[in-house]
Amino acid sequence: MSNCKIPKHVAIIMDGNGRWAKRKGLPRSAGHVQGGKVVEQILEDARDLGIRYLTVYAFSTENWSRPQDEVKALMKLLREYMRTSIKKCMKNNVRTRVIGDRTKLDKDIIEAIEKLEDATKENTGVQFTIAINYGARDEIRRAVEAIAGEVAAKELAASEVTEEVINDHLDTRELPDPDLLIRTCGEQRISNFLLWQCAYTEFYYTDKAWPDFDKAELQKALDAYADRDRRYGKV
Ligand code: IPE
Ligand code: IPE
Ligand code: MG
């Protein structure tokens, strides 16, 4: 497969942790634990396959409405991940960023995120982004609020609000748009993920639940992507 057909930025809606656990007679939280391990492995596989940017959806703005004990278990995992992944990121030259409205998270998680982002900010390997308390509508709303503030302060004219200005106010301002979006476990919807950024992204769905996702599955998604004819409105 030629190199130019490898997507530069792959985004993943990691779905099916709960169903995977249920099938095994385990609590949903066990699915999230296994899902977390798969994230770490896929990050290494992505590097081996030549992917430059990897973005994963870990917790949506809608996920707060899950049972409180599940939300707690997810936050515990995210807290642990932020604390323990620094070492591995430094070893593998991974830069990690977090997108979403982190102000709603517990203070110690916010601090752990800041520490991880800061420690890895010079790393030039895979650019890894985790979406936590992320919702695309909320992201766009926050961008509009910031832009409206600049217009009100006369730092910017309304007519100067270009697509580029909007892009520069999104959480993803430092990232290219995703080339490929993968969703696991059979669902074929976007669930409020990267709505602006996916304007021209190729979608790939698989029935595999996230805890069963592996390098071979990722390779299948890349193969499907390589066969697509991306047109961007041209003929
Ligand atoms: C994805 O798995 C993980 C998160 C949304 C945090 P789910 O928890 O949505 O698993 P299903 O869809 O219920 O199987
Ligand atoms: C999307 O999965 C959010 C994450 C993967 C974090 P959900 O399982 O929450 O989405 P819906 O509810 O099926 O749309
Ligand atoms: Mg789900």
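**View 1. The shell around ligand 2, sorted by residue class.** Five nonpolar, three polar and four charged residues form the shell around ligand 2 in this predicted model (Ala, Val, Leu, Ile, Met, Phe, Trp, Tyr, Cys and Pro count as nonpolar, Asp, Glu, Lys and Arg as charged, and the others, Gly among them, as polar). The residues around the ligand, each with a heavy atom within 4 Å of it, include I13, M14, Y57, F59 and R66. Strand β2, residues 53-60, gives the most to this shell, with four residues; strands (E, at least two residues) are DSSP runs, numbered from the N terminus.

**View 2. Polar side chains beside ligand 2.** Oxygen atoms of ligand 2 lie 2.8 Å from an N or O atom in the side chain of R189 and 2.9 Å from one in the side chain of N63. A polar side-chain atom of D15 is 3.1 Å from an oxygen atom of the ligand. Polar contacts are pairs of N or O atoms within 3.5 Å. On its own, ligand 2 has 390 Å² of accessible area, of which the protein covers 78% (Shrake-Rupley method, 1.4 Å probe).

**View 3. The loop that holds A158.** A158 lies in the loop between α5 (136-152) and α6 (163-168); helices are DSSP runs of H or I with at least four residues. A158 has a relative accessible area of 60% and is therefore exposed (over 50%; buried is under 20%, partly exposed in between; 1.4 Å probe, protein chains only). Its C-alpha atom is 28 Å from that of R102, 56 residues apart along the chain.

**Notes.** Residues are numbered from 1 along each chain as its sequence is written, while chains are lettered from A and ligands numbered from 1 in the order in which they are written. In this predicted model, local features need pLDDT of at least 70, side-chain atom pairs count only at pLDDT 80 or more, and totals for chains, interfaces and linings use all residues; side-chain values use heavy atoms, with hydrogens and water left out.

Terms used: A polar contact is a pair of N or O atoms within 3.5 Å; within protein, one must be able to donate a hydrogen and the other to accept it, and residues adjacent in sequence count only if both atoms are side-chain atoms.
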